[in-house]
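Take a walk through this structure, one part at a time. Keep the sequence and the 3D view open as you read.

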Amino acid sequence: MTIIQKIKNINEQKIRETWFYRRFASLKTSCILFLILVGFYIMGTIFPQGAQLDDYIRSGGKFTSLVIFFDLLNIFNTPVFLIIALLLFINLTICTFERFLTLRSQRKAIVEDGLLTPAYTFPLDINQQKESTEESVRGIFKKELRFKEKTSPTHGIYIMEKGWSYRWLTWIYHLAILFCFFGFLLTYLFAFEDELTLYPGEATAIKPATINRWNKSWGNSAQELDFRLELAEFITEYNQLPKLDYPADKLSRLAFALGWKDPKYTLKNESYFPKDWKSRLKVIKGGLAVLEKTIEVNDPLYYHGITFYQAAYNQNLKIQVDDNPILFETESGKELIIPGVEGMLKFGTVRTGTLFKKDGSTEKIKPFTEVVLIKKDDNRKIETENLGKLEQGGGIYIDNKRISMREFKEASILSYRNDPGVPILWWSGIVVLLAMSLRIFGAWYRIIYRIEEKDGMPHLLMKVKTRGLMADEERLIKRLQHSLMNMTEPIDLNTPV
Amino acid sequence: MVGLSNEVNSTMSNLETLLSRDAYLLAIEIRLFWFVAIVYGVCLVLYLIHLTTKKTGPGRLGTNTLWLGVITHAGLILLRTFEGQRAPFQTLYESLSWFAWSASVTYLFVERKWKDIYMPGILVTSLSMGACLYALLTRSPAVEPLSPPLQSYWFEWHVVLAFLSYAVFVVSCSIEIAYLAVKPSVKKGYKLEYGLNMHNLETFHRQSFRLALFGFPLLTFGIFSGAAWANEAWGRYWGWDPKETWSLITWTVFAIYLHSISIPKWKGLPASLFNILGFICMLMTFIGVNWLARLLGIPSLHLYAM
């Protein structure tokens, strides 16, 4: 060993003896850190994360001073939480390193373990020399029971194993969890996301309003992407969903169960249940459409590291009152005050596109919206009145005024995101799941045995260790007993079974 | 005009037939569900009689009756699948039904190796009955098509494996509670306490650990598949949504439990308490988070709609 290696070993030994290292190589520390993190997680579910303080106070939020002091509305970005997460990462790293060193020095421990009191003793009733008996038993374990020799025999002690090594599998998935942390870090530092509203026929430039933390810390600004996105078509589809006539109160439901009445489906006032909304997109680069895809929820568009998701859509409506050429503009779902009309009008989502009917047929929907009149009385109590359907081209009357929907325009709202942490998380997640499943579900056996003469007869003395839910020690012993009973001649290890 | 009128009439007649058929199937389903809930209730009563009288007869009858409940419930779930033409775990009504069935099935699978041990059945059947009654009395049984965010190949995988983990944790906790309840008497030397004695008590208890170990990778897959699905649907694999966070809490608590078995000072009662805590967290993840989010007015993408 060279002097440099000797120095390295001494330094490594000193580091491993420090209080910090020993604490963070401890399983108890992992559990304590997990418990602290659970406390943070619970806080994160009680206080709405990402909410603005004003909105929180306005909606009746309590413990405002605590919320401000501990930044409880953004708890997972607080320095304290990040430090705890970092400590967990350090703990996991040190434990993984320590485990690696331990795994490499397993052999001595196993052999020493073999000298202890055996759990099973089988008499071997065969008329053979001891060496032949050993070969026969070895043959049973290797050929019939499919064990593999872990090490060459030491002092007559044999060690054999079968199955994936549970220690290495445990180590692998803990190492993969470390890589997951790395993926989370990349997401934290480099991911950015934003929203984009596209109107049909318009190619829109994409310049994120937000930048990732890394660029923010360097004072960089967001750059416009080198391609544009055009919405060629926005499509909505609905399912015809009959209304169920079924009581809400418990007693009536119990009565239904006893046969008082049957549930009933009706098509009167049926709801249009969203089936799908899709955007046919074109990626325009250098004036040319380089890619075209129809996206929908769960089927985004990937281009140059950016993923575009179908998030939502909005609708702009133009409302005419009587024959007035000036039109009122509003959005579906928003309230509109019309002079001369008492209260506010609220226009529901305009249903358009294709209706998939109950009988399997389809129908083009004539665009319509549901109109609701909202009034506030003297006590500021809100009253709503459903005014019914307003079709495009039709009209409804309120307060002697004819309200009609002259036109509407749909826009597709896409969210887009760049996250370099995702590929790392995918792969490390798969490794975690595979290794964890093999470790927990798979069967692993280790047998340590020796053959001893007792009362003039050879005996097989054996210890068994198992891991994994599929491991069945009883079944192994039964198979071994069966094989030992049938053992009359030495098994040739060189001949395949 | 007459021809058009005939066509319209024919279409309406088709629709009415379809609606009548759906209503009829739903009526059968609801009544069958009530029957299943009552069967679970009967099992619970039998197990409670076993608890109070210490006789094995009621316990054995409870288990046999539970088989009836589970088989009927399986038929009910198949009927629901046929009605909806999709996997039956979209709404909370359907999820509660699925949860009740999977918990009972898991219990029966584990219980078959025991001899005269029925105590864990109390918690399992009470949860199953509670889930069924909650669904029947408060949730809408209407069959709905899948909404756009749920139209994904991840849907079945995520839900099935997550619920299987929930079912396993229910049985694990029920064994843990039974063990803690009976252990003092058995240690004092009572000969036979609910089928448990000095020889089989620790083996029985070990099943609780093995079940939690079985459920842990399933829960891990549930979280991973949920994150992958969220990434595909919403563009973000993790948003600290209350449901996501509670599933992480459940995972972390069970991770603590599994690690605590290897820590000598935490191996006994502390580990058992972590197992029970994990079960409570699982219930919060499944049901509690809906209530909590509504109570606190926190938006969640996972809230089950009425």
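Helices here are DSSP runs of H or I with at least four residues, strands are E runs with at least two, and both are numbered from the N terminus. On that basis, chain B has eight helices and zero strands. Read from the N terminus, its elements run α-α-α-α-α-α-α-α.

This is a predicted model. It scores ipTM 0.90 and pTM 0.90. Chain B averages a pLDDT of 90, and 93% of its residues score at least 70. Where pLDDT is low, the predicted coordinates should not be read in detail.

Start with the overall form of chain B. Its C-alpha trace spans about 90 × 45 × 30 Å along the principal axes. Of the 306 residues in chain B, 47% are buried. Now take the contacts in chain B between residues at least 6 apart in sequence. Of these, 78% join residues at least 24 apart.

Chain B divides into two assigned domains. Domain 1 covers 1-145 and domain 2 covers 166-306. Their centres, taken over C-alpha atoms, are separated by 24 Å. The two domains of chain B touch: 19 residues of domain 1 are in contact with 20 residues of domain 2. On the domain 1 side, the elements giving two or more residues are α3 (92-111) and α4 (120-138) of chain B. α3(B) gives the most to that side, with seven residues.

Next, follow chain B past α4. Ser147(B) sits in the loop between α4 and α5 (154-188) of chain B. Ser147(B) has 15 C-beta neighbours inside 10 Å, so it counts as partly exposed. From Ser147(B) to His259(B) is 112 residues in sequence and 40 Å in space, C-alpha to C-alpha.

Further along lies helix α6 of chain B, residues 201-233.

Now turn to chain A. Five of its strands form an open sheet, in the order β1-β20-β19-β3-β2, with antiparallel pairing. β1 (120-123) and β2 (148-154) of chain A stand at the edges. Each has a single partner strand, so one side of each is left without a neighbour in the sheet. From one strand to the next, the twist averages 20 degrees.

Phe122(A) stands opposite Leu460(A) in β20(A).

Finally, bring the two chains together. Their contact takes 56 residues from chain A and 57 residues from chain B. Several elements of chain A give two or more residues to the side that touches chain B, including α3 (27-46), β6 (228-245), β7 (264-285) and α12 (421-441). Which element gives the most to this side of chain A? α3(A) does, with 13 residues.

Terms used
Residues numbered from 1 in each chain as written. Chains lettered and ligands numbered in written order. Predicted model: local features only at pLDDT ≥ 70, side-chain atom pairs only at ≥ 80, totals over all residues. Expected span 1.5 Å × (residues − 1). Buried ≥ 20, exposed ≤ 12 C-beta atoms within 10 Å, placed from the backbone. Contact = placed C-beta atoms within 7 Å. pLDDT = per-residue confidence, 0-100. Pairing = 2+ DSSP bridges. Axes fitted to C-alpha atoms, helices over the stretch in contact; angles between N-to-C directions. Domains from an automatic or database assignment.
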